[in-house]
Amino acid sequence: MALFSSKKSKPKNVYVLLDSTTSRVLARGTSESPPEMLNIQLNITEGNVQAVVNAENLQIVPADEEQPPKLGHVIHRQGNLVVLEPTRILTGTKVRENLRMPVDFDTFIYPANQEGRFYAKSNDLSCGGISFYCDGEMAVGDRIEVVIPITRVAPLLMVCQILRKTQEEGSKFYAAKFLNLLSEQESMIREAVFSVQLRVMQRMQR
């Protein structure tokens, strides 16, 4: 299994749109508008265009982490093309970090202070960390490496620190935060989280 190790080009023109009230992902799209333009012309490629139009306010989250998220709304629609009017920059927010989605995948944990690895079952994932079930014995504060297998380009091997540990239904439950997160890794994890939520939303609409 190949793991991510080299830098990839950043997606400069991809945006994710979230309902500002619920932080639910509504759609994802691409834009040809330069970042300095007053309005953003976005071609919706995934998600629910009508839900985007109906939302009173949207969180407009660029895939490029160098661009800040913005609050805005739709001022025009033609088919899958929408024009967004940003109203303010969401400075100092945790829009990217706080979007946490339930995920279901098998993975492996590599404790830094132990030999070998532990099998684990994921619980949820965000740009800030991961929680999982694992029979392995680890303590709060321990450093581990965990494989994130659902990213688009290649699985990621992420360095984490255990934040919380509880016992649930016969299995140990752990929550961990990512350490030394590279911008490319953050972009890949964020895309994976958004993709999971879009798939969930699309299944609910069927």
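Strands (E, at least two residues) are DSSP runs and are numbered from the N terminus. Residues are numbered from 1 along each chain as its sequence is written. The model being predicted, local features need pLDDT of at least 70 and side-chain atom pairs count only at pLDDT 80 or more, while totals for chains, interfaces and linings use all residues; side-chain values use heavy atoms, with hydrogens and water left out.

A search of the whole structure finds five salt bridges, a salt bridge being a side-chain nitrogen of Lys or Arg within 4 Å of a carboxyl oxygen of Asp or Glu. One of them joins the side chains of Lys-121 and Asp-104, with an N to O distance of 3.3 Å. Lys-121 belongs to strand S9 (residues 118-125) and Asp-104 to the loop between strand S7 (101-102) and strand S8 (106-111), so this pair ties together parts that are 17 residues apart in sequence. Lys-121 is partly exposed at 32% relative accessibility, whereas Asp-104 is exposed, with a relative accessible area of 62%; buried denotes under 20% relative accessible area, exposed over 50%, and partly exposed the range in between (1.4 Å probe, protein chains only). Asp-104 and Lys-121 are linked with Asp-106 in a network of salt bridges.

Glu-137 takes part in two of the computed contacts, with Lys-165 and with Lys-172. The salt bridge between the side chains of Lys-165 and Glu-137 has an N to O distance of 2.2 Å. Because Lys-165 lies in strand S12 (residues 156-168) and Glu-137 in the loop between strand S10 (129-134) and strand S11 (143-148), the pair ties together parts 28 residues apart in sequence. Both residues are partly exposed, Lys-165 with a relative accessible area of 31% and Glu-137 at 45% relative accessibility. For the salt bridge between the side chains of Glu-137 and Lys-172, the N to O distance is 3.7 Å. This pair links distant parts of the chain, 35 residues apart, with Lys-172 located in strand S13 (residues 171-178). Lys-172 is buried, its relative accessible area being 16%.

Terms used
Helix = DSSP H or I, 4+ residues; strand = E, 2+ residues; numbered from the N terminus.
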